[in-house]
Each structure stands twice: as structure tokens, then as C-alpha cells.
Amino acid sequence: MRREPRWHVVTVNPVRDELTQDSPLPEPLAGLGDAVDVKIRRAAGDRGIELAVRLRDGAQSPVTAGARRLTGRDPNQAIRAALREAKQLLETGEVLHPSSPPTTQTTAVNKPLQMATRQGRREGRL
């Protein structure tokens, strides 16, 4: 059974010029190329703009999608990361990357947290 590709949407409050359907996309989204569909529209209540992105060919079986996600090759992860970075670029002018504390040593206790942090950078939450 094929499902429609899921739209990933983020609301952005840009500090510069308005982003329209005709303007060039921010670099993180432009880097996804023709593999995605992008919609740009005004957000509800005139609270900025909405960027919506989905895979163009998109329909994946749940088993295939799960396997790709575990191996870090899920295209939806790239979409979420690109949206997160585009939002930061439009609102602040730069992409902020968290840094690891230099004094943290890997131990059996903090290993799960480090793995979750690495996964969160790829996966992210909007």
C-alpha cells in the first residue's frame, strides 16, 4: 500500500525581506534539489510564513523507511535538518550548531545520552 508523502512544516518569522514562492530558497532547502516539493505561504494569524517540504517521489513502505532511519539514510531526516537550518538562517542569519563540552569523557553511564544527542542532531525536532 502506497501512502502520500508527509509534509514537514515549520513557521518562520524572518527578520529580512519576505520569502515568497518566487524567491530563491535558503541554501539548506536548495541543497535538497529536485527531490522535494516546497510550498511557501503566509502563516495563520499573520505570524510569519510557513515552509512546507515533502519528498517528491516519497512513497516508502514502513519497513524500508524504518531501515533507512536506523542507518541514518532516511531522506525525511535530511528534510527535517534542512528545515531547521533554513529557519535559523531566516530568523537569525546563521545556523547555530551545539558543541560538545570538551571536558566530557565517554563512560558507560553517559554513552546513551551521547548517542541520543548525535541522533537528535540528525533527526531533530521542529
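Guide: What follows is a set of questions about the terms used for this chain and the values behind them.

Guide: This is a predicted model, where local features need pLDDT of at least 70, side-chain atom pairs count only at pLDDT 80 or more, and totals for chains, interfaces and linings use all residues. Residues are numbered from 1 along each chain as its sequence is written, and side-chain values use heavy atoms, with hydrogens and water left out.

Visitor: What makes a stretch a helix or a strand here?

Guide: Both are DSSP runs, numbered from the N terminus: a helix is H or I over at least four residues, a strand is E over at least two. The protein chain has four helices and three strands, in the sequence pattern β-α-β-β-α-α-α.

Visitor: How do you know that E1 and E3 pair?

Guide: Two strands pair if DSSP finds at least two bridges between them. Five bridges join E1 to strand E3 (residues 49-55), so the two count as paired, and they run antiparallel.

Visitor: What makes E2 and E3 a pair?

Guide: Seven bridges link E2 and E3 in the antiparallel sense, so this pair also meets the definition. Val 38 has Val 53 in E3 as its bridge partner. E2 and E3 form a hairpin with six residues between them, and Gly 45 in the turn has a positive phi of about 70°.

Visitor: Why are E1 and E2 called edge strands?

Guide: The three strands form an open antiparallel sheet in the order E1-E3-E2. Strand E1 (8-12) and strand E2 (36-42) each pair on one side only, and they are the edge strands.

Visitor: What is the polar contact of Asp 37?

Guide: A polar contact is a pair of N or O atoms within 3.5 Å; within protein, one must be able to donate a hydrogen and the other to accept it, and residues adjacent in sequence count only if both atoms are side-chain atoms. The side chains of Asp 37 and Arg 56 are joined at 2.7 Å, so the pair falls within the limit. Asp 37 is in strand E2.

Visitor: Which residues does Asp 37 touch?

Guide: Contact means heavy atoms within 4.5 Å. Leaving out residues up to four places away in sequence, Asp 37 touches Trp 7, Ala 52, Val 53, Arg 54 and Arg 56.

Visitor: How many residues are called buried?

Guide: Buried means under 20% relative accessible area, exposed over 50%, and partly exposed in between (1.4 Å probe, protein chains only). Buried residues make up 30% of the 126 residues in the protein chain.
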